Amino acid sequence: MEFNNTNYDLTFIHINDIHGRINGENDGIDISKFFTFLKKLREDKKNGRVFLIDSGDTLHGTSFANLSKGESIVEVFNLLGFDYTTLGNHDFNYGYEHLKKLLVLQNYKTLALNLIDNDNSNLLSYDIIEVNGFNVCFFGIITPETYYKTSFKNIKDLTIINPEEAFIQLSNKLKDKKIDFYVGITHLGLDKSTQEIYKSSNLAEKFPEINILFDGHSHTEIKENYFINKTLISQTGNYNKKVALTQVKLREKKNNHEFFYRLFDKNDFEVYESDFKIQNKIRTIQNSQESITKTIIGKSSIFLAGDRELVRKTETNLTQLITDAILWKTKCDVVLINGGSIRDSIAKGNVTIGDIVNSLPFGNCIVTKKIKGNDLKVALENGLKAYPESLGAMAQVSGMEVFFNPNNPPFKKINNIYINKNPFSLDFDYCVAMTDFMALGGEEYTSLVYGDEINHYSTVEDIVIEYIKKFGINTTNHIIPRLIAKAN
């Protein structure tokens with residue numbers, strides 16, 4: 001692998017949104033070969049000070065991560081020698097109290113400038129280091145969308161400050177210090193659906209003194225130098241498939257620094273030997289989990305589609321299997337969950353516990369509520385508002401048929417709803433099964449918040465595992481459309 005031959009003061013290696021994928025899953029980077037590359041990078045003095053950075057949504061998302069509640073990821077990150085991370089909304093999925101325990105286990109620093117805990121003190125917010133006579137300030141900012149993109153119970157004692165306000169507070173605090181270079185580690189993103197004031201691009205627009213934003217959240221792949229004003233923004237996509245290299249030659253004149261940016265993928269690391277220490281750590285963790293994850297619970301005669309690109313746009317055989325399992329368990333009238341809660345497909349053949357955990361990584365419990373028909377319709381409109389564009393809130397249902405016009409504007413798409421083949425009533429109270437995440441207004445399902453609770457159940461993955469063990473996987477039951485798009 002060839003590098004720019006210039007001498008640099010700073011070298012950054014950046015990843016984001018790996019969602020627990022640490023071992024080359026789904027064409028991801030082989031982390032043991034990546035570590036060999038990293039060691040060589042650190043040894044070469046022309047690269048200057050080397051920093052390894054992660055921008056969140058890291059600790060949760062696969063059985064490798066979830067079965068240890070994130071500890072396995074921290075162990076590997078400690079060996080890799082990470083320097084700084086920030087928190088993604090899904091890093092709160094185990095609850096804030098457990099997250100604090102994970103932070104204690106880290107040999108690296110997690111920065112979250114705009115996160116305030118319940119005793120009104122900032123957590124680790126920023127760090128200043130000196131490099132070749134220049135003061136470099138690292139700070140972290142998390143997305144305010146965390147309020148509804150993790151279960152509210154996970155963050156109920158926390159306050160998330162507006163990103164702009166947080167950086168203004170930092171600037172005022174450091175006004176008597178000479179800061180030559182600002183490095184933001186952010187989980188804000190560039191999604192169209194995100195409010196402008198919460199995007200990393202807005203932070204760059206408003207504060208040109210920020211030199212780099214190592215960003216995450218929107219799973220955007222930035223392939224080449226992307227500047228807004230004088231701020232370079234880096235994002236690597238998702239699932240550990242790409243790594244960004246950014247190198248900087250510092251200049252005395254502010255905003256005149258020299259940058260080099262490049263994305264690497266799996267193939268770029270094939271020339272490196274695997275590092276035994278990393279391989280052994282991953283193997284040890286996997287061996288301790290195998291007795292659980294490799295347990296076969298059923299068999300599928302076809303591929304069960306659960307890829308992010310599909311479940312956020314349409315229903316699939318896997319989304320129908322999942323919602324049918326919840327309907328069976330709860331015996332409610334209908335089930336409504338969001339497509340963003342499903343994260344992976346399941347291959348044809350034997351289906352294991354590990355497959356289900358990978359597909360349903362969030363540990364969401366099921367709640368049943370009495371929901372007025374009008375509020376259920378509003379919820380369904382929320383789930384179809386972006387159709388056919390991708391949206392984490394995408395409605396996945398069981399027990400009902402929803403006829404809608406995709407050409408209509410948001411919240412005016414639905415024409416007819418049938419519950420178990422019966423006409424729908426806006427005034428009737430329906431038993432609706434949903435995740436605890438949605439029951440608290442997650443993904444802006446706010447109309448579900450006020451319904452009276454009926455019952456609580458175990459996690460979605462537990463219910464699906466129980467369902468498959470009892471009934472197997474009858475794929476012919478999961479191919480009839482329930483969301484029927486008909487343009488007038």
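Student: Let's start with P388. Where is it found?
Tutor: P388 sits in the loop that runs between α12 and β19. Keep in mind that this is a predicted model.

Student: What kind of peptide bond joins Y387 and P388?
Tutor: A cis one, with omega at about 10°. For context, most peptide bonds are trans.

Student: And α12 itself, how far apart are its end C-alpha atoms?
Tutor: They are 17 Å apart. Helix α12 covers residues 373-384, and its 12 residues should span 16 Å at 1.5 Å a residue, so the two values agree.

Student: Which residues of α12 are buried?
Tutor: G373, L376, A379, L380, E381, N382, G383 and L384.

Student: What do they pack against?
Tutor: Strands: β16 (334-338), β18 (365-372), β19 (395-398), β20 (400-404), β21 (414-419) and β23 (429-435).

Student: Which residues touch the most other members in the largest nonpolar core?
Tutor: I322, L336, I356, L376 and L380, out of 58 residues in that core. L376 and L380 are also among the buried residues of α12.
Tutor: Apart from that core lies another one, of 44 residues, with V131, L188, L213 and Y261 among them.

Student: Back to L336. What does it touch?
Tutor: Leaving out residues up to four places away in sequence, L336 touches L376, A379, L380, A395, Q396, V397, V432, A433, M434, M438, Y445 and L448.

Student: V397 is on that list. How far is its C-alpha from that of L327?
Tutor: The separation is 9.4 Å, although L327 and V397 are 70 residues apart along the chain. L327 belongs to helix α10, residues 317-330. Its contacts beyond four places in sequence are C332, D333, V334, V335, S398 and G399.

Student: Changing topic: pockets. How much space lies in the largest pocket?
Tutor: About 880 Å³. Its lining has 43 residues, and K149, R308, R312, L391 and G392 lie nearest the centre.

Student: How do the lining residues of the largest pocket divide into nonpolar, polar and charged?
Tutor: There are 8 nonpolar, 19 polar and 16 charged.

Student: Which helices supply at least two residues of that lining?
Tutor: α5 (146-149), α9 (308-311) and α13 (436-439) each do.

Student: And the second largest pocket, how much space is there?
Tutor: About 340 Å³. This pocket is lined by 17 residues, of which S63, F64, Q286, T293 and N358 lie nearest its centre. The lining divides into 1 nonpolar, 10 polar and 6 charged residues.

Student: Where does the largest share of the lining of the second largest pocket come from?
Tutor: From α8, with 4 residues. Helices α2 (63-66), α8 (276-293) and α11 (353-359) each supply at least two.

Student: Now phi angles. What is phi of D57?
Tutor: Near 55°, which is positive in a residue other than glycine. Most residues other than glycine have a negative phi. D57 lies in the loop between β2 (49-54) and α2.

Student: Is D57 buried or exposed?
Tutor: Buried, because its relative accessible area is 2% and the cut-off for buried is under 20%.

Student: What about K421, buried or exposed?
Tutor: Exposed, because its relative accessibility is 65% and exposed means over 50%. Phi of K421 is near 75°, again a positive value in a residue other than glycine. K421 is in the loop between β21 and β22 (422-423).

Student: Let's go to the other end. Where is D9?
Tutor: In the segment before β1. D9 counts as buried, at 12% relative accessibility.

Student: What does D9 touch?
Tutor: Not counting residues up to four places away in sequence, D9 touches N47, G48, R49, V131, N132, V248, K249 and L250.

Student: Last one: which residues of α1 are buried, and what covers them?
Tutor: The buried ones are I31, S32, K33, F34, F35, T36, F37, L38 and L41. Their cover includes β1 (10-15), β2, α3 (71-80), β13 (242-249), β14 (258-265) and α8. Helix α1 spans residues 31-43 and reaches 18 Å from its first C-alpha to its last, close to the 18 Å expected.

Note on methods: Residues are numbered from 1 along each chain as its sequence is written. This is a predicted model: local features need pLDDT of at least 70, side-chain atom pairs count only at pLDDT 80 or more; totals for chains, interfaces and linings use all residues. Side-chain values use heavy atoms; hydrogens and water are left out. On a 1 Å grid over the protein atoms alone, a cavity is a set of points where a 1.4 Å probe fits but cannot get out, and a pocket is an open set with protein on both sides within 12 Å along at least five of seven lines; lining residues have an atom within 4 Å of a point. Grid points are joined across faces, edges and corners, and a volume is the space filled by probe spheres set on the points. Ala, Val, Leu, Ile, Met, Phe, Trp, Tyr, Cys and Pro count as nonpolar, Asp, Glu, Lys and Arg as charged, and the others, Gly among them, as polar. A nonpolar core is a set of buried Ala, Val, Leu, Ile, Met, Phe, Trp, Tyr and Cys residues joined through side-chain atoms within 4.5 Å. Buried means under 20% relative accessible area, exposed over 50%, partly exposed in between (1.4 Å probe, protein chains only). Contact means heavy atoms within 4.5 Å. The expected span of a helix is 1.5 Å times one less than its number of residues.
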